[in-house]
Amino acid sequence: MNWRRLAVTATFACVGLASVITWSHVDAYLCDIFPHLCVPRPGICVGIDACPADAGMLLGLILLIPAPPILFGMLGFVLSPRVERVGLLGVALATAILTHWAATFAVIRIFAL
């Protein structure tokens with residue numbers, strides 16, 4: 001395996017994990033500023049320790065925590081042999097972060113799934 005491809009893939013995966021952690025802090029900050037965004041719908045359990053875990057809750061946790069680093073790593077793996085300039089990889093990474101944050105905000109806070 002090419003060292004460059006491995007390095008880009010690992011870097012993208014680490015940035016994906018950092019994006020998850022950073023988004024959780026941004027989301028908590030948004031909940032402090034706009035508390036109406038974080039009010040759960042009636043009948044929805046919002047804590048894994050407050051009610052029994054079901055398949056939907058476990059799927060949500062899988063999609064929220066490990067999925068972004070895996071998807072970011074896959075993006076880095078696919079783009080690493082095709083892109084020669086580091087700047088284009090940076091643009092792809094920034095786009096992936098913005099897409100991750102927008103999709104997570106929409107799913108969790110707007111559509112409240």
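1. Definition and burial. A residue is called buried under 20% relative accessible area, exposed over 50%, and partly exposed in between, with a 1.4 Å probe and protein chains only. By that rule, buried residues make up 25% of the 113 residues in the protein chain.

2. Basis. This is a predicted model, in which local features need pLDDT of at least 70 and side-chain atom pairs count only at pLDDT 80 or more, while totals for chains, interfaces and linings use all residues. Residues are numbered from 1 along each chain as its sequence is written, and side-chain values use heavy atoms, with hydrogens and water left out.

3. Secondary structure. The protein chain has four helices and zero strands, and its elements run α-α-α-α from the N terminus on. Helices (H or I, at least four residues) and strands (E, at least two) are DSSP runs, numbered from the N terminus.

4. Overall dimensions. The radius of gyration of the protein chain is 17 Å, whereas a compact globule of 113 residues would have a value near 13 Å. The radius is taken over C-alpha atoms, and the globule rule is 2.2 Å times the number of residues to the power 0.38. Along its principal axes, the C-alpha trace spans about 50 × 30 × 20 Å.

5. Contact range. A contact means heavy atoms within 4.5 Å. Of the contacts in the protein chain with a separation of 6 or more, 78% are accounted for by residues 24 or more positions apart.

6. Nonpolar core. The term stands for a set of buried Ala, Val, Leu, Ile, Met, Phe, Trp, Tyr and Cys residues joined through side-chain atoms within 4.5 Å. The largest such core has nine residues, namely Val8, Phe12, Phe72, Leu79, Val83, Leu89, Ala92, Leu93 and Ala96. At least two residues of this core come from each of H1, helix H3 (67–79) and H4. H4 provides the largest share, four residues. One core member, Val83, touches Arg4, Leu88 and Leu89, not counting residues up to four places away in sequence.

7. Aromatic pairs. Rings of Phe, Tyr and Trp (its six-membered ring) pair if their centres lie within 6.5 Å; planes under 30 degrees apart count as stacked, over 60 as edge-to-face and the rest as tilted. The structure holds two aromatic pairs. In one of them, the rings of Trp23 and Trp101 have centres 5.7 Å apart and planes at 45°, so this pair is tilted. It joins distant parts of the chain, with Trp23 in helix H1 (residues 3–33) and Trp101 in helix H4 (residues 86–110), 78 residues apart. Trp23 is buried at a relative accessible area of 9%, and Trp101 counts as partly exposed at 23% relative accessibility. The rings of Trp23 and Phe105 have centres 6.3 Å apart and planes at 85°, so that pair is edge-to-face. Trp23 in helix H1 and Phe105 in helix H4 are 82 residues apart, again a link between distant parts of the chain. Phe105 has 23% relative accessibility and counts as partly exposed. Trp23, Trp101 and Phe105 form one aromatic cluster.

8. Charge over a ring. Arg5 lies over the face of Phe77, at 3.8 Å from the ring centre. The criterion is NZ of Lys or CZ of Arg within 6 Å of the ring centre and within 35 degrees of the ring normal.

9. Salt bridge. With a side-chain nitrogen of Lys or Arg within 4 Å of a carboxyl oxygen of Asp or Glu as the test, the structure holds one salt bridge. Arg109 forms a salt bridge with Asp27, and the closest N and O atoms are 2.7 Å apart. Arg109 in helix H4 and Asp27 in helix H1 are 82 residues apart, so to the list of links between distant parts of the chain this pair belongs as well. Asp27 counts as buried, at 12% relative accessibility.

10. Further positions in H1. Ser19 is in helix H1 and counts as buried at 3% relative accessibility. Not counting residues up to four places away in sequence, Ser19 touches Phe72, Ile97, His100 and Trp101. Ala10, also found in helix H1, is partly exposed at 37% relative accessibility. The C-alpha atoms of Ala10 and Gly73 are separated by 6.3 Å, at 63 residues apart along the chain. Cys14 lies in helix H1 and is exposed, with a relative accessible area of 54%. Cys14 and Pro69 are 55 residues apart in sequence and 6.6 Å apart in space, C-alpha to C-alpha.
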